[in-house]
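Morning, everyone. Please have a look at the sequence and the structure, and I'll walk you through a few spots.

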Amino acid sequence: MGRLSVNLCGIELDNPVIPASGTFGFGYEFAELYDINCLGTFSFKGTTKDARFGNPTPRIAECAMGMINAVGLQNPGVEKVIAEELPKLKKCFNKPVMANVSGFSVDDYAYTCEKLDKEEQVGWLEVNVSCPNVHGGGMSFGTDPKAAAEVTRAVKAVTSKPVIVKLSPNVTDIVSIAKACEQAGADGISLINTMLGMRIDLNKRQPVIKNKMGGFSGAAIFPVAVRMVYQVSNAVEIPVIGMGGVSSAEDVIEMMMAGATAVEIGAANLINPFACRDIINELPDTLDKYKINEIKDIIGVVE
Amino acid sequence: MKQVLFSITENIPLTENVYRMTLSGDCSDITAPGQFVNIKLDGLFLRRPISVCDINGDELTIIYKVVGKGTEMMSKMSEGTILDVLTGLGNGYNLSKCGETPVLLGGGVGVPPMYMLAKRLIEQGKRVSVILGFNTKSEIFYEDEFKSLGCDVTVTTVDGSYGIKGFVTDALPSDYSYFCCCGPEPMLKAVFKSTKTSGQFSFEERMGCGFGACMGCSCKTVTGYKRICKDGPVLEKEEILWED
């Protein structure tokens with residue numbers, strides 16, 4: 001165990017850096033560029049019960065220090081992920097991977113998680129509760145403590161792997177949702193998912209994105225993410241993964257000081273495909289700079 | 001894909017708002033005409049994808065139209081400026097399907113990728129016809145450059161101020177082995193309807209990463225979902241599904 005190692009829900013990571021779901025595919029695009037075994041782990045592309053194309057294009061818009069996406073969970077569906085993507089991943093990644101799961105009903109989540117639970121390389125299930133609940137009037141599971149807890153319980157019932165619930169920031173009280181998930185048996189919390197945003201094309205007098213709105217991510221949302229990670233990690237006993245606009249080794253340390261045990265990096269991968277590798281390489285010098293011996297010593301040091 | 005630092009060696013206007021930039025750096029990852037590069041610009045979050053017009057050893061040529069903040073910034077850059085560029089993106093055109101007498105159709109800033117394609121086809125001894133479409137005479141560029149390659153060049157303008165009045169499809173020769181095209185979507189649709197042979201189309205879409213990671217630019221095709229940036233931008237006629 002080196003000075004960068006952390007323990008995430010019982011599994012040791014060489015370092016706390018985790019590419020976030022939706023920005024890293026199933027890993028192999030990046031494995032062509034660098035040895036992705038340098039990562040702590042990564043969270044693979046959000047997987048649903050059935051295959052999805054996602055939303056109509058355009059589904060990307062640029063913002064100051066960030067971007068909006070409305071991809072809409074394009075993925076080949078859990079059966080194909082298991083049959084086609086995971087075997088490819090196994091050839092380029094020899095660590096436990098984080099399986100990111102989405103659903104549109106409680107049964108969807110349970111179905112997909114039960115399938116992925118049987119996959120040896122899956123170390124953790126990261127459950128994205130930001131999707132609309134089709135049986136609950138379309139409201140996102142993540143905006144209602146009861147619905148988030150219900151999803152957590154359903155997933156816990158079908159897996160023995162650690163369950164990390166990924167929370168949406170588009171709520172009035174994220175702490176109450178995190179606590180509800182913890183009480184329902186979640187082994188960890190990750191936050192924040194993207195913030196709902198919108199851009200307008202002045203020439204066309206129309207939204208840039210066909211779906212009108214989408215998820216805002218990138219460096220611009222970092223302070224909001226730090227604040228929410230701080231609030232949640234002070235309210236729950238389970239580990240918290242911090243994410244939202246992390247773009248540098250110093251951002252990783254800031255997120256961990258706020259209370260994160262590990263850190264996910266999303267949009268930065270899309271601008272610099274080597275971002276995670278570069279950040280991992282910069283961490284030792286950055287620890288020296290701030291007189292940190294082992295990175296786990298700073299988790300939640302901010303009171 | 002490679003991340004390469006390029007140095008600008010020339011950046012000049014070809015028309016009122018179309019510029020040609022030549023850059024010096026490692027072009028070894030650019031393997032096919034129709035590929036693109038993705039350029040990081042200071043202060044802008046997303047990179048700017050621009051199609052490759054030509055490569056010559058360590059020299060990369062791109063032609064871009066000023067359409068927004070990014071391309072406006074680029075138009076003001078001076079020689080010697082260093083740019084962080086991801087190179088060798090996208091599939092590019094498949095030359096092996098082009099036959100002996102291909103026709104290449106480029107509309108507006110869809111013209112540049114046709115240059116390297118024409119050059120490669122001529123090198124292979126093909127008889128290449130090129131149809132360049134513009135709105136009006138003042139927007140025309142690269143007619144002479146294509147002629148210098150040895151192509152049979154026809155120019156069309158929508159307003160009839162130069163060459164044949166109309167669209168690129170109004171100038172299609174009676175006989176050709178294959179076609180390749182790049183331009184705005186209405187042009188691509190017209191080419192799709194007007195051509196009798198197989199062919200390849202280069203598409204545009206708003207991209208996040210440009211290298212297949214974010215799924216921002218996906219489209220539906222006959223053979224499944226494809227990412228314009230990674231599985232495209234060039235698609236074959238037979239696999240295209242038009243969506244309105």
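Leaving aside its neighbours within four places in sequence, which residues is B:Cys151 in contact with? Keep in mind that this is a predicted model. The partners are B:Ala118, B:Ile122, B:Val128, B:Ser129, B:Val130 and B:Phe146. Take B:Val128. It sits 23 residues from B:Cys151 along the chain, yet their C-alpha atoms are separated by 5.2 Å. B:Cys151 itself is in a loop of chain B, between helix H3 (143-149) and strand E9 (152-157). Buried or exposed? The cut-off for buried is 20 or more C-beta neighbours within 10 Å. B:Cys151 has 24, so it counts as buried.

Next, where the chains meet. Chain A puts 26 residues in contact with 22 residues of chain B. Which elements of chain A give two or more residues to that side? Strand E4 (60-63), strand E5 (66-69) and helix H8 (267-271). By class, that side of chain A has 13 nonpolar, 10 polar and three charged residues.

Last stop: helix H5 of chain A, residues 174-183. Its buried residues are A:Ile174, A:Ile177, A:Ala178, A:Cys181 and A:Glu182. Look down the helix axis. Those residues fall within an arc of 140 degrees, so they line one face of H5(A). An α-helix has 3.6 residues a turn, so residues three or four places apart point the same way. What do the buried residues of H5(A) pack against? In chain A, helix H4 (145-156), strand E8 (163-166), strand E9 (188-191) and helix H6 (222-235). Just past H5(A), A:Gly185 takes a positive phi of about 110 degrees.

Definitions and conventions. Residues numbered from 1 in each chain as written. Chains lettered and ligands numbered in written order. Predicted model: local features only at pLDDT ≥ 70, side-chain atom pairs only at ≥ 80, totals over all residues. Helix = DSSP H or I, 4+ residues; strand = E, 2+ residues; numbered from the N terminus. Buried ≥ 20, exposed ≤ 12 C-beta atoms within 10 Å, placed from the backbone. Contact = placed C-beta atoms within 7 Å. Nonpolar A, V, L, I, M, F, W, Y, C, P; charged D, E, K, R; others polar. Arc of directions from axis to C-beta.
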